[in-house]
Amino acid sequence: KGNEGGAGTFYLCVEASDVLLEPMCSTWELQQELVPYVLSHSLENDKFLKLPKPERQARVKILTQRILSGESGSAAGDVSESEAQESPQNRAGDDDISPQQFWAYLRSKYGTRLGSIVEMLQLLEPLLQSRRVVVLRFEGDTKPTASLFLRASAPCSSSAAASMAEASEKEFPAGSFSTAAITAWLQEVPSSQRVAPLWSRLSRQAATEDSCALILCANVQSTETIPEALGVAARALCEAVEEPEVICLSAVTFGPDFTSERLAALEELCAWSGGLSFNVDEPGMLAPAADCISSHLFNGQGSRGERRRYYAQKQELGNCFMQLPKIVREGTTPAVTPLSSLAASGSSSSMRSGLDTLSSLILDASSNLDFDCAVPSETMLAVLSDVTLALLRRWSRSLRIWRMRRGMRDVVFGEPGGIGLDFEEPHLEGNEEGVPPSTWRLRATHPPASALKMEVGSELVAINQVRVTERTPRSEVARRISVRPVSLTFRLPSNGSPVFSGRDVFPMMVSEIVISELREGLPPLKTSAPPLSTALQRVAAAKAR
């Protein structure tokens, strides 16, 4: 079966996010398990039962809060005063009712996304042995930031490009596919090594109609699976091929918390390309999903063509969830003309029209997305945090002014001690007017911050690269501000000035990312070396005439 119609490459796209090791249970199931687990294990502890009733109640409340805060318990620096002053007697039973044991219990009962992905690959391994398999590792941010656009661009140096390729792609020649090798490779890649977005890489590599791809998604908030990104991905896949066939996409999502919009968008993208889409929210659904994918992808192309024709009929009726380009079919006029054919025709107006269409599509998608335009990229943060005012980094003043044009103010503190900023803390339950403040706001300044002439009412949105929201606790803000150097990003109050929309901010943000990467990734220009020396020579020769 595996050899039938299997001449093309099989692309296996695996999402390697932090949620792979989390229990594959819903929020409602977690809440149903939490209270019985804490009470049953508390009553089994002799030291806990010897405590007075008020202390037992306080202890149960503290343990519940620790478990809800995550597997590591309370975050560093986020310990309440009453919890810090607990007596050793009140801490009885920590070993028996720890957050780590509770999350281990959930994993053993509900399984993990990583375990489900490994089991899915083991079921497909016999059929993948006879094919060339290219594994693409991808990650999705929970919200589009500057780092997402940075990862979408090509690295400046060859060493960085080689490191990114090693961390994002692994090839298995025919007959060598191994699930154990994939699992080991995913664990060997350092978590700090970020990779380029999935769809741009897949559109560059998969350019034959015999190819097919299986996408394994784990993060319910990934930027790779939002409907806007899938619409742009469909366009990119059409532009990547010269023939009227696109790669056959199939997808499997793991977990019960995927929204109906994401599942509907994935299902339509897969049907548009001729593939299938499944959501696996419990272990018993793995085997049926693997059987359906195996019979659909490895038994010729008849079923793929049927899926494409079915979706084309839905497009004709106009009852699709997304607006995807029409795939070219025999005897019909192509609805999407590849940019390469426009360039070959020599028509500059047609070429410009095609480029404008793609650019407008991306800008329309950006206007519908909630981009986080406040958090700087890694390179921008290094420039903004430089307090030496060295010649190579003196252009940071221009970067600050550019960001101020779109309402962002960046300040840096490098000396130890207080910074002289008083903040108005947010109140989630509401203020006197009944409207809660959006987040932390600047109330007053004192030396040394008073010399910066900051506007009162500015909104604190980021500390270094960490987003600050109305739910960020006071202890977390204080802990991160104590680091030196520290870069604080504020959103300036409008005060009647025009506010830029998402469509206007998007090209401004991309511009500052590009300039930062070029200035930091390339060597500085010198008057004694090209191209600056060549330009000076031509200027001198023109003056001599």
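A nonpolar core here is a set of buried Ala, Val, Leu, Ile, Met, Phe, Trp, Tyr and Cys residues joined through side-chain atoms within 4.5 Å; buried means under 20% relative accessible area, exposed over 50%, and partly exposed in between (1.4 Å probe, protein chains only). The model is predicted: local features need pLDDT of at least 70 and side-chain atom pairs count only at pLDDT 80 or more, while totals for chains, interfaces and linings use all residues. Residues are numbered from 1 along each chain as its sequence is written, and side-chain values use heavy atoms, with hydrogens and water left out.

Helices (H or I, at least four residues) and strands (E, at least two) are DSSP runs, numbered from the N terminus. Beyond its neighbours within four places in sequence, Leu12 is in contact (heavy atoms within 4.5 Å) with residues including Leu121, Val135, Phe177 and Leu216.

In helix α19 (residues 474–481), the buried residues are Glu476, Val477 and Ile481. They lie on the same side of α19 because they cover an arc of only 125° around the axis, taken from the directions from the helix axis to the C-beta atoms. These buried residues pack against β8 (421–424), β10 (459–463) and β12 (486–491).

Val514 belongs to helix α20 (residues 502–521) and counts as partly exposed because its relative accessibility is 41%.
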